[in-house]
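Subject: Structure handover

Hello,

Here is the structure I promised you. Please open it first, then read my notes below.

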Amino acid sequence: GLVWNKHLTKGLKEIGFVSSEVDPCLFYKGDVLCFVYVDDGIFVSPTVEAINQCVEDLKGAKFNVKNCGDLADYVGINFKHSDNGKIQMAQPHLVDQITEECGVKKGMASKVVPASPTKLLRRFEEEDDYSR
């Protein structure tokens, strides 16, 4: 896995992609995003032409890649494209597993409990002590 990831990262950088500082599985080049999970990847862009060019660039860099068309399912996540341009992501299989494990059945009464609007979330820092 690590050797492949280094090889792919090098190849993406050679064709102009920049590695995200936040997530090592995310790369970007102009208006194209590339998400990588092990040996699978997806390109996201406002234009199909930009995606096709990235696929061709990777092929030119001796990567065996193919364009599988519009994104519908990726590593267990279902993608639904709306007419307004929004994309809805869902993991129905995982939701079903969790609800079954917790004994929740369809049609059961439930109560929605929102998170406190006064609770501020922040990024975890190494010096944070949560052992108290």
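Two strands count as paired if DSSP finds at least two bridges between them. Helices (H or I, at least four residues) and strands (E, at least two) are DSSP runs, numbered from the N terminus.

Some ground rules. This is a predicted model, in which local features need pLDDT of at least 70 and side-chain atom pairs count only at pLDDT 80 or more, while totals for chains, interfaces and linings use all residues. Residues are numbered from 1 along each chain as its sequence is written, and side-chain values use heavy atoms, with hydrogens and water left out.

Strand 1 (residues 18–19) pairs with strand 2 (residues 26–29) in the antiparallel sense, over two bridges. Val-18 has Tyr-28 of strand 2 as its bridge partner. A hairpin of six residues joins strand 1 to strand 2. Strand 2 also runs antiparallel to strand 3, with four bridges between them. Here Tyr-28 stands opposite Leu-33. The hairpin of strand 2 and strand 3 has two residues between the strands, and Gly-30 takes a positive phi near 60° in it.

**A surface patch**

Val-18, Tyr-28 and Leu-33 turn up again on the surface. Together with Phe-35 and Val-44 they form a nonpolar patch, with about 350 Å² of accessible area. Areas come from the Shrake-Rupley method with a 1.4 Å probe; for residues, only the protein chains shown count as cover. Patch residues have over 30% relative accessible area and no salt bridge; like charges are joined within 9 Å, nonpolar side chains (Val, Leu, Ile, Met, Phe, Trp, Tyr) within 5 Å. A salt bridge is a side-chain nitrogen of Lys or Arg within 4 Å of a carboxyl oxygen of Asp or Glu.

Leu-33 lies in strand 3 (residues 32–37). Its relative accessibility is 32%, so Leu-33 counts as partly exposed. Buried means under 20% relative accessible area, exposed over 50%, and partly exposed in between (1.4 Å probe, protein chains only).

**Strands 5 to 7**

Three strands form an open antiparallel sheet in the order 5-6-7. Strand 5 (73–74) and strand 7 (87–90) stand at the edges; each has a single partner strand, so one side of each has no neighbour in the sheet. Strand 5 pairs with strand 6 (residues 77–81) over two bridges, in the antiparallel sense. Tyr-74 stands opposite Ile-77 in strand 6.

**Aromatic pairs**

How many aromatic pairs does a search of the whole structure find? Two. Rings of Phe, Tyr and Trp (its six-membered ring) pair if their centres lie within 6.5 Å; planes under 30 degrees apart count as stacked, over 60 as edge-to-face and the rest as tilted.

Trp-4 and Phe-63 are edge-to-face, 6.1 Å centre to centre with 65° between the planes. This pair links distant parts of the chain: Trp-4 is in helix 1 (residues 2–14), Phe-63 in the loop between helix 2 and strand 5, 59 residues apart. Trp-4 is partly exposed at 34% relative accessibility, whereas Phe-63 is buried at 8%.

Phe-17 and Phe-43 are tilted, 5.9 Å centre to centre with 40° between the planes. Phe-17 lies in the loop between helix 1 and strand 1 and Phe-43 in strand 4 (residues 40–44), so the pair ties together parts 26 residues apart in sequence. Both Phe-17 and Phe-43 are buried.

Most residues other than glycine have a negative phi. Lys-62 is not a glycine, yet has a positive phi of about 70°. Lys-62 lies in the loop between helix 2 (48–60) and strand 5. Lys-62 counts as exposed, at 75% relative accessibility.

Best wishes
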